[in-house]
Amino acid sequence: MQYHTRALAARQVFVDLIGYEGAGLPHAIADDPSIAVHRVSEPRLRDRSGRSVTLYVLLAMVDGIRSTFRLGRALWNIPSPDLILAQTPPSVPTLVVVSLVARLRKARLVLDWHNLGYTLTALRLGRRHPMVRFARWFERIFGRTADAHLCVSRGFAKFLEDRFRLSPVAVLYDRPAAAFCAIERSEREQIRQALLSRLAIRGGGPVGFIVCPTSWTEDEDFDVVIEAVRDLEDRIRGWEAGEDGRRFVELVILVTGDGRRRKEFERRFAGLPARRVQLRTRWLEPEDYPRVVGVADLGLCLHRSSSGVDIPMKVADLFGAGVPVCALDYGACLAERVRHGDNGLLFSTPRQLANILFELFETYPGEGSQLTRLRAGARRSARPTWEEGWVTEALPVLLP
């Protein structure tokens, strides 16, 4: 949504950006006089429900009511808009609020679909729960009130057209912003050494650097990487024992971002047998994130899609920086962006991930390796940029 905001503002459109309060915004948005930022506090009473499903549902209903009033008030207090562009999820109560305000204020309504809200609810409650069925009905019915739709994959567009009967639906792929670009080797090494020093990485030999961007949400499968690290350490131990003096490269996996599940998994990371594989977690400022991504040897995507039709934006960010992706496979929609053996590799189990990491870094940092070939494929996937794709795919929908 920040990308949409900047692209619209660059075309002399005054933008009111409404979002949950939290991390700071990039200076390009915060300092732009044509962008007004409105922060809304996110009600999270349902986080206090513990393991109780009944209490979770009751508190989620309270959260929904509070969100309705907060979002509705924010939308009503801004100058009368010509266009309301709403990201979904969150779909409840967002869709009913933006639909009502758009009608009352005579604005066009465009929905930008990044996933299906009811499938995220199902991660907690199960697909057969009445609240999940209600959420699916809610998305389908109120989705039809929009004038147009954007989504992130061809498979998603087909789902919305066939199952939800929505139209028109245009595909706007998540692509890298201009800030994500390949970094020259000399600068890359300087940034990398400074970063490894800040992360307190031990060892004096070559270091393979893997970055794992995440939002620490329920659709990120950290169990896979925890089990994979155990398997990888066992395989490295056997490989080193097979020949005197043989030593595997040090591997660093940096998990970025912040979220409610971070502390839980930091405790689990601390219990891993870290001989050659070191796990670190860090929150990165918006201006630092593209530079850190750009110095990685490999990107790791642990997104396990709840719907099977979304594509995580982190994949686009990595390609923009010329970094190949090792991604948890969840179906055909992911294959629209990650081509196995060309710009990345797909895995389904912890053992597969461990094997991939071993094979990619066995000869590191030697040239001519599979990692080098994948990096070339990632660079080819860096174009078009998000801005270039937005002009052809989103601009005709938003400003016809």
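This is a predicted model: local features need pLDDT of at least 70, side-chain atom pairs count only at pLDDT 80 or more; totals for chains, interfaces and linings use all residues.

Colleague: How does the radius of gyration of the protein agree with that of a compact globule?

Modeller: The radius of gyration is taken over C-alpha atoms, and the globule rule is 2.2 Å times the number of residues to the power 0.38. For 400 residues the rule gives a value near 21 Å, and the protein has 22 Å, which agrees. Along the principal axes, the C-alpha atoms fill a box of roughly 75 × 50 × 40 Å.

Colleague: What share of the residues counts as buried?

Modeller: Buried means under 20% relative accessible area, exposed over 50%, and partly exposed in between (1.4 Å probe, protein chains only). Of the 400 residues, 53% count as buried.

Colleague: How many salt bridges does the structure hold?

Modeller: A salt bridge is a side-chain nitrogen of Lys or Arg within 4 Å of a carboxyl oxygen of Asp or Glu. The structure holds 26 of them. One network of salt bridges links Glu240, Arg247, Glu250, Arg275 and Arg276.

Colleague: Where do aspartate 234 and arginine 237 lie?

Modeller: Helices (H or I, at least four residues) and strands (E, at least two) are DSSP runs, numbered from the N terminus. An α-helix has 3.6 residues a turn, so residues three or four places apart point the same way. Aspartate 234 and arginine 237 are both in helix H9 (residues 222-241), three residues apart, about one turn of the helix. Their side chains meet in a salt bridge of 3.0 Å, N to O. Aspartate 234 is partly exposed at 47% relative accessible area, as is arginine 237 at 36%.

Colleague: Is arginine 262 buried or exposed?

Modeller: Arginine 262 is buried, with a relative accessible area of 15%. The side chain of arginine 262 meets that of aspartate 258 in a salt bridge (3.7 Å, N to O), and aspartate 258 is partly exposed at 46%.

Colleague: Which residues of helix H5 are buried, and against which helices do they pack?

Modeller: In H5 (residues 117-125), the buried residues are Gly117, Tyr118, Thr119, Thr121, Ala122 and Leu125. A contact requires heavy atoms within 4.5 Å. The buried residues of H5 pack against helix H3 (53-77), helix H6 (130-143) and helix H7 (154-162). Just after H5, glycine 126 takes a positive phi of about 90°.

Colleague: Which residues are joined by a cis peptide bond?

Modeller: Arginine 383 and proline 384 are joined in this way, with omega about -5°. Proline 384 is in the loop between helix H15 (370-380) and helix H16 (386-393). Arginine 383 also forms a salt bridge with glutamate 388, the closest N and O atoms being 2.3 Å apart. Arginine 383 is exposed, with a relative accessible area of 56%, whereas glutamate 388 is partly exposed at 33%. The peptide bond from serine 167 to proline 168 is cis too, with omega near -10°.

Colleague: What is the phi of glutamine 12?

Modeller: Phi of glutamine 12 is near 60°, a positive value in a residue other than glycine. Glutamine 12 is in the loop between helix H1 (2-9) and strand S1 (15-20), and is exposed at 73% relative accessible area.

Methods
Residues are numbered from 1 along each chain as its sequence is written. Side-chain values use heavy atoms; hydrogens and water are left out.
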